[in-house]
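Please read the report below with the sequence and the 3D view side by side.

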Amino acid sequence: MSKRVVTLAHYYTQPEIQQMADKVGDSLELSLYAKECGADVIVFAGVRFMAETAKILNPQAEVILPASGSTCSLVTQTDVATLQKWREEYADYVHVSYINSSAEHKALSDWIVTSRNVDDIIASLYAEGKKVAFSPDRNMGAYLNFQYGYDMPLWSAVCEVHDKFNQVALDEAFAAVAGAKYLIAHPESPLPVLQQADYVGSTSGMLNWVKAFDKEPDAVIFVATEDGILYNMGLARPDLNIKQAPIYAGCQCNSCPYMKMNTIDAVKRAQAGEGTRINYLSSKQMDNARLPIERMLEFSKRYYQ
């Protein structure tokens with residue numbers, strides 16, 4: 001009997017890669033799909049922490065990462081031993097970690113969140129009278145503290161792509177547009193950028209915002225996130241003028257180098273069984289990391305389905 005191979009691709013991969021996938025989505029969508037798809041082999045065209053999450057949620061499956069070097073700066077900027085000491089400083093806090101983290105990081109967490117459900121999950125914890133410490137994304141945590149008046153201790157790592165967006169470049173871009181203009185932004189962006197945004201949300205949230213846009217038809221929509229999603233936005237709304245937000249004067253060229261490691265040849269090889277296998281996590285590591293992920297997924301099923 002042949003094995004069932006399922007290919008997953010994140011919105012930030014190249015259009016050609018998305019066209020090769022059985023499922024394209026953001027972190028939450030792909031996490032849910034990885035758990036429930038019943039695949040024997042999962043080819044994950046994304047970055048390593050996503051493939052690790054797929055393995056944690058579907059340990060019976062063989063999970064293959066097409067590009068061994070496809071990591072994430074939020075992972076590389078986080079030393080797990082130091083994180084452990086940081087968590088011990090806040091032992092009476094609920095440790096909430098963004099899904100953009102290693103398996104070892106997740107195993108030190110009480111809850112995992114994505115950019116789509118972070119607001120709701122942290123709000124529910126505060127409603128229960130809990131104190132929250134947030135890692136690893138400093139920008140996302142700063143936005144939550146600002147937006148909701150929290151005082152969460154924050155780990156200090158950033159997404160090297162989103163952290164490049166800046167207020168000065170946005171001001172210059174806005175000044176060059178005579179008519180209506182809007183900014184939508186991913187919460188991994190710096191706080192001054194998020195404070196300017198008309199909408200802040202997950203990758204899927206931004207895509208849905210564009211799909212539903214019904215204001216000035218000639219408006220310019222600036223998008224502060226990785227440029228891969230512009231392909232999906234263009235497919236959904238070819239009538240709109242959608243641009244990536246600039247990272248410095250005049251430059252709209254902000255791509256994740258790790259996502260772009262997923263080339264057509266690399267994905268084809270992975271579909272044929274070659275590539276980096278996520279087979280290095282112990283059962284204990286996966287069990288410890290699965291618990292906070294499952295909490296998130298159960299919360300998401302209740303609130304978003």
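H186 is buried in this predicted model, with a relative accessible area of 2%. The residue sits in the loop between β8 (181–185) and α10 (191–196).

Why is helix α11 largely enclosed by the rest of the structure? Seven of the nine residues of this helix (residues 203–211) are buried, so the rest of the structure largely encloses it.

L170 is another buried residue, at 0% relative accessibility. Its place is in helix α9 (residues 167–175). Apart from neighbours within four places in sequence, L170 is in contact with L183, V193, Q196, A245 and P246. L170 and L191 are 21 residues apart in sequence, and their C-alpha atoms are 13 Å apart.

| Residue | Relative accessible area |
|---|---|
| H186 | 2% |
| L170 | 0% |
| C37 | 11% |
| C256 | 12% |

How many disulfides does a search of the whole structure find? The search finds zero. A disulfide is a covalent bond between the sulfur atoms of two cysteines. For C256, the closest cysteine sulfur is in C159, at 6.5 Å, and this is too far for a bond. The cut-off used for a disulfide is 2.5 Å between the sulfur atoms.

Next come the nonpolar cores. The largest has 75 residues, and among them I42, V96, F134 and M233 touch the most other members. This core draws at least three residues from each of domain 1 (5–72 + 259–280) and domain 2 (162–255). A second, separate core has 17 residues, including Y143, F165, A185 and V220.

Not counting residues up to four places away in sequence, F134 touches W86, V96, Y98, V113, V118, I122, M140, G141, M152, P153, L154 and W155. A cis peptide bond is found between S135 and P136, with omega about -10 degrees. Most residues other than glycine have a negative phi, and most peptide bonds are trans. P136 lies in the loop between β7 (132–135) and α8 (138–148).

Two packed helices are described by the angle between their axes and the distance between the axes. Helix α2 (residues 27–36) and helix α3 (residues 48–57) pack at about 35 degrees, and their axes are 8 Å apart. The crossing of α2 past α3 is right-handed. On the α2 side, S27, S31, A34 and K35 take part, and they meet M50, T53, A54 and L57 in α3.

The domain assignment gives domain 1 (5–72 + 259–280) and domain 2 (162–255). Their centres, taken over C-alpha atoms, are separated by 27 Å. The contact takes ten residues from domain 1 and 14 residues from domain 2.

Key:
Residues numbered from 1 in each chain as written. Predicted model: local features only at pLDDT ≥ 70, side-chain atom pairs only at ≥ 80, totals over all residues. Heavy atoms only, no water. Core = buried A, V, L, I, M, F, W, Y, C linked by side-chain atoms within 4.5 Å. Buried < 20%, exposed > 50% of the residue type's maximum accessible area, 1.4 Å probe, protein only. Domains from an automatic or database assignment. Contact = heavy atoms within 4.5 Å. Axes fitted to C-alpha atoms, helices over the stretch in contact; angles between N-to-C directions. Helix = DSSP H or I, 4+ residues; strand = E, 2+ residues; numbered from the N terminus. Left-handed = near helix turned anticlockwise from the far one by under 90°.
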